[in-house]
Every structure is written in structure tokens, then in C-alpha cells.
Amino acid sequence: MDQQEPLAIPGEPRLSQRIREAANRDALGRAAVLSGQGDLAAAARFTAAALLCRGGDKPCGVCPDCRKILRDVHPDVLTVTDPEHKNVSVDVLRGVTADASVLPNEGRRKVYIFPDCSLLDGKAQNVLLKVVEDGPVHAAFLFCAANSAVLLPTIRSRTAEWKLSPPPETAAEDGQARRLCELICGGRAPELAAFCAELENSKISREELKGLLSDTRDLLVSGLAAVYTGQGDPLAGQLAGLGRYRLSSIVEKLGEFIRQCNFNIGVGHLLGALAVELS
């Protein structure tokens, strides 16, 4: 009998593996942003399955929770919409915060999926802030957004962000991330400083910088995976040469810079600190 292929987000093997690894460490957390131009609905279902899965390798795709989630019939996975209004109303979101205090019906968690965060205005998001920050441990929240900038910094700072791969037409942006990885890998401090200066001179915004750093971190995570598997493209193999400890340290530092992009910090200050910290 042929072995069944592991469950994955269509077209997103790298992101699927990252979410799977986090789920198996019980490190997915209570709130996440799924961003990018890909199949956000499929990514949300996959992540919800990873949160509720009872199998050994989460999400297994075959346990009762996974099967119900993939068919969109799980009673503890709720998609938040408001067909009566253009934007999701405050009353609907107050209903979500009240419902979050109720224990799950079947699973170990209740998962609330927001399929289009562009429909959440600032007032609506502020209604959610308290439950995202201090809600019951059994409640989890998945925010889908083509661009995570539609979410308030106060929401983004309390969530992990999982970015779907860019479409082919944005390959140039990926090239910047690969260049940054190469400079980090080579330990070329003067070139790294020059690269950061070029970014500042190009008037890059905080959101654009956040996207670049997130893409760079994704590539570094691939390098970290190559340490264990010996597989990956040439850049991943080159990054693996840095060693597990060094790569993990850089990934952690990039994560801190990504979080700082959520606040009112000058891009020049961020890039200057980045050049120093990663040299």
C-alpha cells in the first residue's frame, strides 16, 4: 500500500513544515496571522487542524478532529463573518469574545478564523485585543490578511506571523532576502552595512522592511532545517555551514527586529541596529 502524503497547505511545503514543527513542539501559540497572496483559507484550516489534532504528527489529517476541520464541519472551529454588514460589526466581535469563554464542544481548543482582516476596522480590532491578549487558554485566533499591515500593531505584536510564499511576480523581493542571507552567511560586515544603507536610501517603509526580514528569516529557517536533513537548495546548504547555534541566534535576532517593526521606530534606526547586530 502506498504511503499517504503528509497533509500540507497547497503550494506551501516550507510553511507547512514550519507550522507542523511548531505544532509538534506545542509552540503554535494562541494567536497567529496568516498573510500573503496564497490560499489563506487552506492555510487557516491546516493551522486549525494542527492546533486540534490528536495524532502523533500534527496535523495528521486522519484523526476525527482533522477530518472534520478539513470538511469545515468541526463545531470548535468557527469562521467569523458578518454578511449583514460591509465590515464585521462590533456586535459580532463582542459575541466572539463572549463565546471564547465557553469550553470547547469536542476538541481541546476553540479556534476562531477571521478570513479577511481588511473587514476589521480599528474599533473592531480593539474589541478583540483583550481576548487575544488575556483570553482563556482554550481559545485560539487565526487572522487571515493579504497584508498584515491591516491589523493594528497592538494585535500584531501579540501574534505570530506565518507568511505564504510570494507569487512569481514578486521574485525580486525574494532576491533581496537571499542577498541579505548571503551577506549574513559570509560575515561581510562592510557589505552588510552598505546593503542596509541602500535600503534606507530607497525610502523603504517599516512594513516593507518587516516583509523583507520575514522572508529572510524563512530562508534562514530553511538553512536550519538543512542542518538536520542535509537537504535544501544551495543557499540553504551554505547557511547550514554556519551551524545550528549561530543560525538559531540569527533567527531569534531577526524575530526581535520583525517585532520592532510593529512600533513607531525609525527605519534608519532599525537598519543601523540590524547592520551592527548581524555583522
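## Reading the helices

Mentor: Start with α1 and α2, which are roughly parallel to each other. In that scale, angles under 35 degrees count as roughly parallel, over 145 as roughly antiparallel, 65 to 115 as roughly perpendicular and the rest as oblique. Keep in mind that this is a predicted model, where local features need pLDDT of at least 70 and side-chain atom pairs count only at pLDDT 80 or more, while totals for chains, interfaces and linings use all residues. Residues are numbered from 1 along each chain as its sequence is written, and side-chain values use heavy atoms, with hydrogens and water left out.

Trainee: How many helices and strands does the chain have?

Mentor: The chain has 12 helices and five strands. Both are DSSP runs numbered from the N terminus: helices are H or I with at least four residues, strands E with at least two. Of the 279 residues, 47% count as buried. Buried means under 20% relative accessible area, exposed over 50%, partly exposed in between (1.4 Å probe, protein chains only). Now take the contacts with a separation of 6 or more: residues 24 or more positions apart account for 73% of them. A contact means heavy atoms within 4.5 Å.

Trainee: At what angle do the axes of α1 and α2 cross?

Mentor: First the general idea. Two packed helices are described by the angle between their axes and the distance between the axes. Axes are lines fitted to C-alpha atoms, for helices over the stretch in contact, and angles run from 0 to 180 degrees between N-to-C directions. Here, α1 (residues 13-24) and α2 (residues 40-52) cross at roughly 20°, and their axes come within 9 Å. The crossing is right-handed.

Trainee: Which residues of α1 and α2 meet?

Mentor: On the α1 side, Ser16, Ile19, Arg20 and Ala23. They meet Phe46, Thr47 and Ala50 of α2.

Trainee: How many residues of α2 are buried?

Mentor: 11 of its 13 residues, so α2 is largely enclosed by the rest of the structure. Among them are Leu40, Phe46, Leu51 and Leu52, along with several alanines such as Ala42 and Ala48. The cover includes α1, β1 (31-35), α3 (64-70), β2 (77-79), β3 (110-114) and β4 (139-145).

Trainee: What span should α2 have, and how far apart are its ends?

Mentor: At 1.5 Å a residue, α2 should span 18 Å, and its end C-alpha atoms are 18 Å apart, which agrees. The expected span is 1.5 Å times one less than the number of residues.

Trainee: Which residues make the contact between α4 and α5?

Mentor: Geometry before residues. The axes of α4 (residues 90-99) and α5 (residues 122-134) come within 9 Å and cross at roughly 5°. That makes α4 roughly parallel to α5. Val90, Leu93, Arg94, Val96 and Thr97 of α4 make the contact with Lys123, Ala124, Val127, Leu128 and Val131 of α5.

Trainee: Which residues of α4 are buried?

Mentor: Val90, Leu93 and Val96. Seen down the axis, they fall within an arc of 110°, so they line one face of α4. The arc is that of the directions from the helix axis to the C-beta atoms. An α-helix has 3.6 residues a turn, so residues three or four places apart point the same way. The cover over the buried residues of α4 includes β3, α5 and β4.

Trainee: Which residues of α11 are buried?

Mentor: Leu247, Ile250, Val251, Leu254, Gly255, Phe257 and Ile258. They cover an arc of only 165° around the axis, which puts them on the same side of α11. On the other side, Tyr245 and Glu252 are exposed. The 17 residues of α11 (residues 244-260) should span 24 Å, and the end C-alpha atoms are 25 Å apart, which agrees.

Trainee: Which residues of α11 and α12 meet?

Mentor: Lys253, Leu254, Phe257 and Gln260 in α11 meet Leu270, Ala273, Leu274 and Glu277 in α12. The angle between α11 and α12 (residues 267-277) is about 175°, with axes 11 Å apart. The two are therefore roughly antiparallel.

Trainee: Where does proline 59 lie?

Mentor: In the loop between α2 and α3. The peptide bond from lysine 58 to proline 59 is cis, with omega near -10°. Check two aspartates as well. Aspartate 26, in the loop between α1 and β1, has a positive phi near 55° and is exposed at 54% relative accessible area. Aspartate 72, in the loop between α3 and β2, has phi near 60° and is exposed at 58%.

Note on methods: A crossing is left-handed if the near helix is turned anticlockwise from the far one by less than a right angle, and right-handed if clockwise.
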